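This briefing is intended to be read beside the sequence and the three-dimensional model. Topics are taken up in turn below.

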Amino acid sequence: MCGMTMERNEPCYCGSGRKYKKCCLGKDETEAAMRKAEAQRQAEAEFEQERRAREEALAARQQTGGFAPVKTRGDDETAATRKPGPPPLPEEDQKLVDAWWAEVSPVYMGKGGLEQAEWLLARTVAFLDEQPLLFRHLEIHDEFLLEIGPALNRAGLMASHHALLLRLRREQPEVYAKGFGYWDTDLLVEALRAGRRDDIPACLTLFRQHPVRFVDDFSLVVDLLAWQGCESELRGLLEPTAAMIDESDEVINGGFGMCWLVNLAMFPILELGDTSADSLEELCDRVMALGYLRDDRDNRKWLRRVALMALPTEMAAGLDLDQAHSVAFDDDVAWSFAGWLRRTKCLTWSSARFLAEAMLKYWGWLADANGGATRAGRKGSKASGKANSRGTFGLDEGRLREYLNECCREFFGIGAYAVLPALQAFHYFTEYLVARSWLDGTRAAQLQGFAERDFEVIRQQVGADTTPFRIYPTYAALIGGMDGSMEEVRA
């Protein structure tokens with residue numbers, strides 16, 4: 001989040017004479033969300049159709065021992081519009097492919113078949129060894145490999161799974177490219193877990209070449225790099241791709257990369273700790289050179305305020321935490337929190353800012369859940385909203401657990417990525433409030449106990465092998481390990 005958004009204060013395009021943010025912005029955001037939801041529903045329906053078709057084809061293989069073709073949505077195209085496919089394999093080669101499926105499919109499709117993941121892996125590797133030129137014709141990239149990966153991890157064979165992925169990336173680039181978004185993300189998590197920084201660049205190569213193809217995974221990779229303090233790798237990933245994603249018609253809300261480039265441009269100036277007029281002007285110039293924010297008085301004022309809140313200044317020390325919530329107030333608190341994390345927890349600026357944004361997401365969820373009551377400023381009314389009570393930062397076990405459930409609701413493999421940053425940020429934020437004499441230590445310890453219990457409950461539900469629990473397998477590691485961020489310690 002950049003704190004400011006381009007064009008919000010411009011006259012609305014509809015000609016009403018009002019500012020865009022007070023006129024058509026809400027409608028546009030609603031329409032964009034509806035388009036995204038409809039596209040997701042359509043994609044899910046198409047995926048389900050293909051899944052059923054594959055199950056039917058695999059069942060046919062079991063009955064006939066042959067390689068039954070799988071009907072996909074592409075089969076509904078006319079002969080005039082259908083793209084030409086690869087030429088049919090010679091009969092002897094096709095028999096080899098069919099024979100592999102005839103052997104594997106009864107186990108793979110059978111009840112409890114994935115419990116034999118080690119055997120499935122062995123047969124996959126054997127075919128790769130014996131028939132490398134035919135391997136791509138197995139067409140196992142979009143389902144088979146995606147399913148046996150988690151099964152191998154559950155069986156304690158994570159290293160074998162990663163070895164296969166690395167081998168495919170090296171020896172079968174055509175196959176690997178079809179699913180690189182999933183596999184490079186998984187390999188990146190392993191590199192972060194093991195502290196192998198030298199492995200990170202190879203996990204980013206295809207994302208740089210094809211930033212939109214797996215944009216959801218791209219966004220997740222950005223979060224992982226920021227969270228783990230890999231600022232140089234994050235910059236190298238985003239500089240050639242962020243504007244492309246932001247401008248793509250295929251991506252909704254694609255400005256996340258540009259927002260992180262704004263953050264990365266600010267961090268070197270913040271690190272100097274200089275709040276002189278010249279330093280603040282340099283901060284503004286660096287950010288404006290990116291071309292993402294409009295170079296105007298409001299944005300420059302916001303950037304100067306960011307620095308004054310993030311650094312130990314008189315303005316930051318005087319921040320009144322009891323005032324009513326608003327977008328501007330939450331932004332001030334988030335930058336103050338980020339600066340505190342940098343100074344007291346020795347986090348990199350990217351890690352600190354990422355956790356501050358995790359709190360912003362939590363407060364945004366609270367505002368939506370309460371119908372905007374906790375953020376009167378979002379309604380544009382200075383008079384509405386009561387003075388901030390000691391509960392409006394979301395320091396409540398029930399609200400936190402409800403939010404964590406929302407984080408996990410879509411898909412455990414994706415939503416769980418938001419859980420641990422939220423818990424980590426929540427824990428550190430209670431410490432920040434104690435340091436600001438806003439919260440007493442006894443209450444903070446109680447809230448931290450709630451967070452630890454939620455960590456254990458979710459870990460049991462999604463499995464300890466689920467990322468990012470592989471990075472932080474215990475709550476103690478989660479709240480104690482960030483001072484060893486890769487940027488500063490593992491370099």
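Which side chain is joined to that of Asp331 by a polar contact? The partner is Trp302, and the polar contact between the two side chains is 2.7 Å. A polar contact is a pair of N or O atoms within 3.5 Å; within protein, one must be able to donate a hydrogen and the other to accept it, and residues adjacent in sequence count only if both atoms are side-chain atoms.

The model is predicted: local features need pLDDT of at least 70 and side-chain atom pairs count only at pLDDT 80 or more, whereas totals for chains, interfaces and linings use all residues. Residues are numbered from 1 along each chain as its sequence is written, and side-chain values use heavy atoms, with hydrogens and water left out.

**Overall composition**

- The chain has 22 helices and 0 strands; helices (H or I, at least four residues) and strands (E, at least two) are DSSP runs, numbered from the N terminus.
- Of the 491 residues in the chain, 47% count as buried, where buried means under 20% relative accessible area, exposed over 50% and partly exposed in between (1.4 Å probe, protein chains only).
- Among contacts between residues at least 6 apart in sequence, 64% join residues at least 24 apart; contact means heavy atoms within 4.5 Å.

**Helix packing: α8 with α10**

- Two packed helices are described by the angle between their axes and the distance between the axes.
- Helix α8 (residues 200–209) packs against helix α10 (residues 231–238) at an angle of about 20 degrees, and the axes are 10 Å apart.
- That angle makes α8 roughly parallel to α10; angles under 35 degrees count as roughly parallel, over 145 as roughly antiparallel, 65 to 115 as roughly perpendicular and the rest as oblique.
- Axes are lines fitted to C-alpha atoms, for helices over the stretch in contact, and angles run from 0 to 180 degrees between N-to-C directions.
- The crossing of α8 and α10 is right-handed; a crossing is left-handed if the near helix is turned anticlockwise from the far one by less than a right angle, and right-handed if clockwise.
- On the α8 side, Ile200, Leu204, Phe207 and Arg208 take part, and they meet Glu233, Gly236 and Leu237 of α10.
- By class, the residues of this contact comprise 4 nonpolar, 1 polar and 2 charged; Ala, Val, Leu, Ile, Met, Phe, Trp, Tyr, Cys and Pro count as nonpolar, Asp, Glu, Lys and Arg as charged, and the others, Gly among them, as polar.

**Helix packing: α3 with α4**

- The axes of α3 and α4 come within 9 Å of each other and cross at roughly 130 degrees, which makes α3 oblique to α4.
- The crossing of α3 and α4 is left-handed.
- From α3, the contact draws on Ala117, Glu118, Leu120, Leu121 and Thr124, and from α4 on Phe144, Ile148, Ala151 and Leu152.
- The contact of α3 with α4 has 7 nonpolar, 1 polar and 1 charged residues.

**Buried residues**

- Asp331 belongs to helix α16 (residues 327–344) and counts as buried because its relative accessibility is 10%.
- Arg305 is 26 residues from Asp331 in sequence, and the C-alpha to C-alpha separation is 9.9 Å.
- Tyr428, in helix α19 (residues 412–435), is buried at a relative accessible area of 2%.
- The side chain of Tyr428 reaches the backbone oxygen of Ile479 at 2.7 Å.
- His161 is found in helix α5 and is buried, with a relative accessible area of 6%.
- Apart from neighbours within four places in sequence, His161 is in contact with Gly149, Leu152, Asn153 and Asp186.
- Gln172 sits in the loop between α5 (158–171) and α6 (173–177), and its relative accessibility of 8% places it among buried residues.
- Not counting residues up to four places away in sequence, Gln172 touches Leu128, Pro132, Phe135, Arg136 and Arg167.
- Leu366, in helix α17 (residues 349–369), counts as buried at 5% relative accessibility.
- Leu366 and Gly394 are 28 residues apart in sequence, with 7.1 Å between their C-alpha atoms.

**Backbone geometry**

- Most residues other than glycine have a negative phi.
- Glu139, in the loop between α3 (117–130) and α4 (144–154), has a positive phi near 55 degrees and is partly exposed at 41% relative accessible area.
- Cys346, in the loop between α16 and α17, has a positive phi of about 60 degrees and counts as partly exposed at 41% relative accessibility.
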